[in-house]
Amino acid sequence: GDHVCGVQSMGGTILCWGSNHHGESDPPPAGAAPFVQVSSGQSYSCGLRRDGKVECWGKDHEGQTRPPEGVKFRQISAGLDHHVCGVTADEGSVRCWGRNSRGQAEDRDDGPYLQVSAGRRSACAIREDTLGLECWGGSSPVPEEDRTARRYRQISLGKDHACAVDVDKRLYCWQNGADLGGHIVPVGFQVGGEL
């Protein structure tokens, strides 16, 4: 949406800034810290606590701020279409909640998965066994043939585009609809650091 959140390295508290029409930039519920990850969605935010529990706040018209009870996660992703997906801590399956108008918030029990990213009306996750991509929901920007053509380490979905880094640290991007340049990787771009 129009806000950003980050986890402070000291103490694991979350700070958000930008739009706050629905409380999406407010501090998370009192006593919820320490956090290890935060993800900003469309007018809401979700944080992953150190104990694996998820706390969400902000707009909740589709149930996007109500994670499943009793489930612990190791990674989460808030989407642009009022849905959230996360990789469970125990089995590595994907659990989703919120809007499910195109099947974007359906659970995936055929894992284990390493990482998931929720976009607009779709989601994609990296399989632990093959490092290939599984995508579901409506109009995923990642073409079917590219989902298993490479072994991936990280995936990120946006509004109508997606980018993924493979095991050799090469960046690949795709786009739905009009050519707005979201799929064009700059010449000479290299992925650095640890993934």
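## A buried cysteine to start with

Cys 96 has a relative accessibility of 10%, so this residue counts as buried; the cut-off for buried is under 20%. Keep in mind as you look around that this is a predicted model.

What does Cys 96 bond to? Its partner is Cys 85, and the two sulfur atoms of this disulfide lie 2.1 Å apart. The bond ties together distant parts of the chain: Cys 85 belongs to strand β7 (residues 83–88) and Cys 96 to strand β8 (residues 94–98), with the two cysteines eleven residues apart. Cys 85 has 0% relative accessibility, so Cys 85 is buried as well. The torsion about the S-S bond is about 105°, which means that this disulfide is right-handed.

## Strands β10 and β11

Now find Cys 124 and Cys 135, which form a disulfide with an S to S distance of 2.1 Å. Cys 124 sits in strand β10 (residues 122–127), while Cys 135, eleven residues away, sits in strand β11 (residues 133–137). Both cysteines are buried, and their link is right-handed, with 110° about the S-S bond.

## Strands β13 and β14

Cys 163 and Cys 173 are also joined by a disulfide, 2.1 Å from S to S. Here strand β13 (residues 161–166) holds Cys 163 and strand β14 (residues 171–175) holds Cys 173, ten residues apart. This link is right-handed, with 110° about the S-S bond. Because its relative accessible area is 13%, Cys 173 is buried.

## The pairing pattern

How many disulfides does the structure hold? There are five. If you number the bonded cysteines in sequence order, they pair as 1-2, 3-4, 5-6, 7-8, 9-10.

Methods. Residues numbered from 1 in each chain as written. Predicted model: local features only at pLDDT ≥ 70, side-chain atom pairs only at ≥ 80, totals over all residues. Heavy atoms only, no water. Disulfide = S-S within 2.5 Å. Helix = DSSP H or I, 4+ residues; strand = E, 2+ residues; numbered from the N terminus. Buried < 20%, exposed > 50% of the residue type's maximum accessible area, 1.4 Å probe, protein only.
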